[in-house]
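The following questions and answers concern how structural terms are applied to a model. Each answer sets a value beside the definition of the term.

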Amino acid sequence: MIAIHHTPNSFSVRWIAYCKEHNIPYKIVNAYDTDIVEQVSGCTAFMWHHHHANYKDVLFAKQLLYSLQETGKKVFPDFNTTWHFDDKVGQKYLLEAIEAPVVPSYVFYSKNDALDWIETTVFPKVFKLRGGAGSFNVRLVYSKSEARHLVNKAFRRGFLQNSGSVYIKEAYRNYCLRKGSFMNVLKGFIRLFVPTVYSRMHGREKGYVYFQDFVPNNLYDIRVIIIANKAFSIKRLCRKDDFRASGSGYIVYEKNEQDECCVQIAFEVNKRIHSQCIAYDFVYRNSEPLIVEISYGFSMYGYDKCPGYWTDDMQWHEEPFTPQDWMIEQIL
Ligand SMILES: Nc1ncnc2c1ncn2[C@@H]1O[C@H](COP(=O)(O)OP(=O)(O)O)[C@@H](O)[C@H]1O
Ligand SMILES: [Mg+2]
């Protein structure tokens, strides 16, 4: 019996559909209940598509999953898959330790260390918070003085995740592109004064500062998702006049627009990370693909147009597929 925590519009929709279709016994459980461990006690597996933008999930999803994994249950996502999720600082150490091809990154836990480093390095650099998605907490820093300003803020007030000013810019951009409504722009305006529930409950990001080398001249990034021995890929184009692709909404699915070199690297690196399911995002330094970030979670609908997938022998299979089925097949 598989225990599934169900959230609308998440992977669980398709996990449940799979169980129904294949007559696999499953039970819906509620991870937020205090007796969740008891709820799953008779089950052999537990699956939860926990989300970085839900402050409750961030508080305990990993702890719950690892605890259940320790008892010998199959869990999705398991430790190797999710300990580094939504944690760019954690990913830095992991990718360095396993000697993956990665964009060089720098983290400091004291203001003086950060200020000293600023004097010795070159700009522009990319400043990021350790969490967040859709490029919300990612920006280019052009000068030492701008970097010093961010460092001072990191060790004083700190940063709100998904700040109101970024929110309104994104909502306005989407409105201009006819991808979002004017209502969202108004909501964005309100966000200037009323932070999201997540921002409020999560608190401010502070006490550390994280930068990455800026890799210039990328008009897109390549995302390769590995699940078990299979991989699929999308190309995400950058926003207009912007170096950031994630969250732009411009996605190219055609196979000949992807890069098998990235697929191969992703398979190789995942032999060392042992993740059940993981997206590797690449940008190019000259022609060398480098990993920018990794992530177990992704939007469920954004990949439905992928025309096919590779197996780890690099064979291409041109046929429709459902990534969520592969997740559950791994657990069975
Ligand atoms: N160091 C970098 N050099 C060049 N482009 C980058 C760099 N880091 C991120 N980007 C671009 O910005 C986008 C968002 O960065 P990312 O770290 O993936 O943040 P998020 O977690 O919000 O997706 C990426 O999709 C990529 O296009
Ligand atoms: Mg990203």
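Q: What makes the approach of the side chain of H84 to the backbone oxygen of N80 a polar contact?
A: This is a predicted model, in which local features need pLDDT of at least 70, side-chain atom pairs count only at pLDDT 80 or more, totals for chains, interfaces and linings use all residues, and side-chain values use heavy atoms, with hydrogens and water left out. Residues are numbered from 1 along each chain as its sequence is written, while chains are lettered from A and ligands numbered from 1 in the order in which they are written. A polar contact is a pair of N or O atoms within 3.5 Å; within protein, one must be able to donate a hydrogen and the other to accept it, and residues adjacent in sequence count only if both atoms are side-chain atoms. A polar atom of the H84 side chain lies 2.9 Å from the backbone oxygen of N80, and therefore the pair falls within the 3.5 Å limit.

Q: Why is H84 called buried?
A: Buried means under 20% relative accessible area, exposed over 50%, and partly exposed in between (1.4 Å probe, protein chains only). The relative accessible area of H84 is 1%, so H84 is buried. H84 is placed in the loop between α4 (79-82) and α5 (88-97); helices (H or I, at least four residues) and strands (E, at least two) are DSSP runs, numbered from the N terminus. Not counting residues up to four places away in sequence, H84 touches K62, Q91, L94, I273, I278 and I294, where contact means heavy atoms within 4.5 Å.

Q: Is H5 buried or exposed, and how do you know that?
A: H5, which is found in strand β1, has a relative accessible area of 4% and is therefore buried. Its side chain also has a polar atom 2.9 Å from the backbone nitrogen of A31. Beyond its neighbours within four places in sequence, H5 is in contact with residues including S12, V29, F46 and W48.

Q: What makes K20 count as exposed or buried?
A: K20 lies in helix α1. Its relative accessibility is 56%, so K20 counts as exposed. Other residues of α1 (residues 12-21) are buried, namely S12, R14, W15, I16, Y18 and C19. What covers these buried residues includes β1 (2-5), β2 (26-29), β3 (45-48), β4 (74-76) and α12 (323-331).

Q: Which atoms of ligand 1 and S246 are 2.6 Å apart?
A: An oxygen atom of ligand 1 is at this distance from an N or O atom in the S246 side chain. A backbone N or O atom of A245 is 2.9 Å from an oxygen atom of the ligand, and a nitrogen atom of ligand 1 is 3.1 Å from a side-chain N or O atom of Q212. The protein covers 98% of the 540 Å² of accessible area that ligand 1 has on its own, by the Shrake-Rupley method with a 1.4 Å probe.
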